[in-house]
Structures are given as C-alpha cells and as structure tokens.
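Subject: A structure for you to explore

Hello,

Here is the structure I promised to pass on to you.

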Amino acid sequence: MSTTQIYGGHEAHVYFVEESTYGETPANPEMYAVGVVSEVEPSINPNLIKVRGIGSRDLQYIRRGLRSASLKIVYYLQNINFLQHISTLNSMSIEVYYEKSSSVVSLLYKGCRIDKLSVNVSAEELVQVTAEVVGQDISVGTAKIGASYGDYSDPPLTWYETYVKKNGAAFEKATDYSFTIANNLRRTAVIRSTNGHLLKYLPERHRTLTGEITCDFEDKTELDETVGDSEFTLEFGLGGEHKALFNGCKWDADALSTRVDELVAQKLPFTAKTVNIT
C-alpha cells in the first residue's frame with residue numbers, strides 16, 4: 001500500500017536573486033540565501049469577486065480579481081544582503097521550494113519588494129528579522145529555477161555582536177530593542193487586457209520608522225528627554241561594520257514597569273524621521 005508523503009519544514013528552502021528588470025527573473029540565476037530561516041509563509045490570494053444578483057439566493061458568478069502574491073519570512077541575521085532591500089527597494093525574485101529525493105515543488109515569486117521589515121534583539125538571543133514581502137506574480141513548478149544556490153558561512157548574529165548608540169555614544173543598558181521600517185507599498189493595477197489581473201506597479205509611499213528599546217531603569221535621562229521633547233539619533237549594530245542609523249528620533253513614551261519582585265524595566269518606544277542602512 002502506497003503512503004502519501006507530506007512535506008516538512010526541514011524540506012523547505014528560501015533563496016533570492018535581484019532583478020534587473022522588474023518582474024523578470026534572470027536566466028539561469030545564481031540564487032542567494034536569505035539567512036537561517038526559521039519560518040516562511042508563502043501565500044497567494046486571487047481576491048475573488050463574488051457576484052450576486054436578484055432572482056437567486058446563491059452566487060451567480062465568481063470572477064478572478066487582482067492577484068495578491070505575498071511572503072512572510074522570519075530568519076536569523078547572518079549579513080545584510082537581504083535586509084538592505086528594505087532601503088534600496090530593488091526588486092527581487094524569491095524562490096521557496098520544497099524538496100524530496102523524488103520530487104520538488106517550486107514557488108517562484110517575481111517582482112518582489114520588501115514592504116515591512118522588523119529587527120528584534122533580546123539579551124541571550126539571536127538577532128531575528130521578520131520581512132513582509134509583496135510580489136507581482138507567482139509561478140508553481142516541479143523543478144528548481146536556479147543554476148546554483150549559495151548559503152552563507154557567517155554564523156547567525158548574537159545579541160553581544162550588536163550594539164546600541166544614542167547620539168553616537170554607547171547606550172549600554174538596553175536588554176531588548178526592536179525597530180520596524182515600513183515602505184507602505186501600493187499594489188497598483190491598470191486597465192489592460194494582458195495580465196490585467198496582476199499589479200503593474202508596486203511604488204513605495206510614505207515611510208514609517210518606529211521602534212522600542214527596553215532597558216533597566218538607571219536614571220532620569222530618558223524621562224527628561226521625553227518631557228523636554230528632545231531629538232536624538234539611534235544607531236543599531238547589524239554585525240561587522242554594518243549598522244542602521246536612525247535620525248531625528250523622539251521618544252513616543254517612557255513607561256516604567258514596576259513590580260515588587262522584579263527590576264524596574266523602562267520601555268522607550270520611538271519614532272524617527274530618516275534611516276540609513278550601511
């Protein structure tokens with residue numbers, strides 16, 4: 001009796017390549033790893049148009065709408081090769097494939113840009129990145145599309161290999177930090193007979209830059225900055241010489257979590273004007 005073999009997470013892989021023309025995967029590409037991926041969620045939504053009319057209790061038509069192709073990728077940071085695309089906004093083709101010795105299911109996302117990316121760091125943990133990606137289209141196949149697939153030798157970044165600086169000075173009381181960059185991409189369709197069900201443009205709109213630092217409560221410096229409406233810079237290390245520098249920052253709030261059996265934790269959400277990733 002034959003048994004259907006279902007796929008497990010250990011049989012999944014995620015790779016990407018930059019596109020020179022939007023929505024077109026390079027021929028025989030060299031594919032590059034995103035990082036050490038702990039979770040990936042490829043999805044496709046045809047956004048069906050469900051048509052009702054008088055004379056029937058039931059739907060009369062179900063028509064295809066504007067296709068939504070998206071990916072959520074959670075990974076441990078090894079380098080900024082993938083992460084930097086939240087800032088460069090270069091388009092990519094991303095392949096998620098599931099592989100057994102006898103079969104492959106390949107999901108190729110074309111015309112991808114990173115809509116939203118978050119970096120989360122906690123003491124005693126690895127640096128984790130969550131990326132939300134929007135694509136133009138997806139194709140499903142039974143063979144991998146890359147000429148080669150390259151993984152990184154860099155070990156995943158730990159909390160002690162990153163840092164926080166405020167106004168250029170070491171900020172060595174943080175126990176956790178996170179930041180989020182949102183490009184607010186607009187899935188834009190036009191009226192056309194060829195591929196009209198696919199978006200034609202994926203432009204960026206206003207950018208939002210937010211984050212939060214949690215630290216042990218030592219003094220009133222940040223309280224004074226919040227009350228005094230002070231502006232400052234925040235710099236976060238991304239391994240080696242790489243960093244994310246947020247300019248024009250202000251604290252959104254300053255909350256002191258105080259419990260009888262715990263140290264006082266100071267939670268400092270912030271908003272920034274600009275960011276540079278280098």
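Predicted model: local features only at pLDDT ≥ 70, side-chain atom pairs only at ≥ 80, totals over all residues.

**Salt bridges**

There are 11 salt bridges in the structure. Let me walk you through three of them.

Start with E11 and K100, whose side chains form a salt bridge with an N to O distance of 3.0 Å. This pair joins distant parts of the chain, 89 residues apart: E11 sits in the segment before β1 (12–18), while K100 is in the loop between β7 (92–99) and β8 (104–122). Are these two residues buried or exposed? Both E11 and K100 are buried.

Next, look for E222 and K166, where the closest N and O atoms of the salt bridge are 2.7 Å apart.

Because D229 lies in the loop between α2 and β16 (232–237) and K250 in strand β17 (residues 243–251), the pair ties together parts that are 21 residues apart in sequence. K250 is partly exposed, since its relative accessible area is 29%, which falls between the 20% limit for buried and the 50% limit for exposed.

L48, L59 and I62 make a nonpolar surface patch of about 260 Å². One of them, L59, is found in the loop between β4 (49–51) and β5 (61–63). L59 is partly exposed, at a relative accessible area of 35%.

**The nonpolar core**

In soluble globular proteins, nonpolar side chains tend to be buried together. Which residues touch the most other members of the largest nonpolar core here? They are F82, L83, F179 and F246, in a core of 57 residues. The strand β8 gives the most to this core, with 8 residues.

Beyond its neighbours within four places in sequence, F82 is in contact with several residues, among them F16, V34, Y75, M92 and I114. There is also a second, separate core of 5 residues, including V134, L185, L199 and L202.

Enjoy exploring, and do write back with questions!

Best wishes

Definitions and conventions: Residues numbered from 1 in each chain as written. Heavy atoms only, no water. Salt bridge = Lys/Arg side-chain N within 4 Å of Asp/Glu carboxyl O. Helix = DSSP H or I, 4+ residues; strand = E, 2+ residues; numbered from the N terminus. Buried < 20%, exposed > 50% of the residue type's maximum accessible area, 1.4 Å probe, protein only. Patch = residues over 30% accessible without salt bridge, like charges linked within 9 Å, V, L, I, M, F, W, Y side chains within 5 Å. Areas by Shrake-Rupley, 256 points an atom, 1.4 Å probe, with all protein chains shown as cover. Core = buried A, V, L, I, M, F, W, Y, C linked by side-chain atoms within 4.5 Å. Contact = heavy atoms within 4.5 Å.
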